[in-house]
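Please read them with the sequence and the model open beside you.

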Amino acid sequence: MRPQYLLLVLSVLLLPLCTVAVDRRGLFVGGWTPIKDPNDPHVVDIALYAVTEYNKESNATLKFESVIKGETQVLDGINYRLDVTVIGGSETKDYEAVVYEKPSGLNLTSFKPLSILPGGWKPIENPKDPHVVEIAQFAVSEYDNESNATLKFERVIQGETQVVDGINYRLDVAVIDGSETEDYEAVVYEIPWEGYMNLTSFTPLY
């Protein structure tokens, strides 16, 4: 094989590895990718599952209407983050549903009302804010308790907040796992005036 062809073949083979290398902060495989067609039958099935599961868990009677938009995140399986319109009684409401899909089945990890304000999520200007750090530390601690893990909080990389009937925090958090540093996305729901916090999802960013 001629040297120039060999170089071309090696470049093609190594390109995916280079992509994974810059994937540490979720820019490629671990990042969120917009769903091109919200009406895709499988996406609709995921949304229907989310509404049905929420109804079972909360004894609610919401009826699925449509998927507004969504994103996917490839991990061991696929995370779906969907903005879903539902009918509750005589009102139409919008929710954000997060569903984790694996070959073994589906799991609803979060189902929260969307902010009525345009944009919904707002960037956190100071990831080192003491309350933001407290939220992140809570997320790591709760994940450790639920998963029998031993992760140690290191820092908040970046994050967003969403005002609903409380406040949703979506934080990219660096943790220490043994001798390695890993990044996770933590979603925490807080009702500040009640002193209430709930970890709704905690997923790797790679």
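Does arginine 81 count as buried, partly exposed or exposed, and at what relative accessibility? Arginine 81 has a relative accessibility of 7% and therefore counts as buried, where buried means under 20% relative accessible area, exposed means over 50% and partly exposed lies in between, with a 1.4 Å probe and protein chains only.

1. Basis of the note. This is a predicted model, in which local features need pLDDT of at least 70 and side-chain atom pairs count only at pLDDT 80 or more, whereas totals for chains, interfaces and linings use all residues. Residues are numbered from 1 along each chain as its sequence is written, and side-chain values use heavy atoms, with hydrogens and water left out.

2. Salt bridges overall. Side chains of opposite charge can pair when their charged atoms come close. A search of the whole structure gives six salt bridges, the criterion being a side-chain nitrogen of Lys or Arg within 4 Å of a carboxyl oxygen of Asp or Glu.

3. The network at arginine 81. Salt bridges link Glu71, Arg81 and Glu185 in a network. In the pair of glutamate 71 and arginine 81, the closest N and O atoms are 2.9 Å apart; because glutamate 71 lies in strand 2 (residues 63-74) and arginine 81 in strand 3 (residues 78-88), this pair ties together parts that are ten residues apart in sequence. Strands here are DSSP runs (E, at least two residues), numbered from the N terminus. Glutamate 71 counts as partly exposed, because its relative accessibility is 26%.

4. The second partner. Glutamate 185 also forms a salt bridge with arginine 81, with the closest N and O atoms 3.1 Å apart, and since glutamate 185 lies in strand 9 and arginine 81 in strand 3, the pair ties together parts that are 104 residues apart in sequence. Glutamate 185, at 5% relative accessibility, counts as buried.

5. Strand 9 spans residues 180-191.

6. Glutamate 96 and arginine 170 meet through their side chains in a salt bridge of 3.1 Å, N to O. This pair links distant parts of the chain, with glutamate 96 in strand 4 (residues 91-102) and arginine 170 in strand 8 (residues 167-177), 74 residues apart. Both glutamate 96 and arginine 170 are buried.

Terms used. Helices (H or I, at least four residues) and strands (E, at least two) are DSSP runs, numbered from the N terminus.
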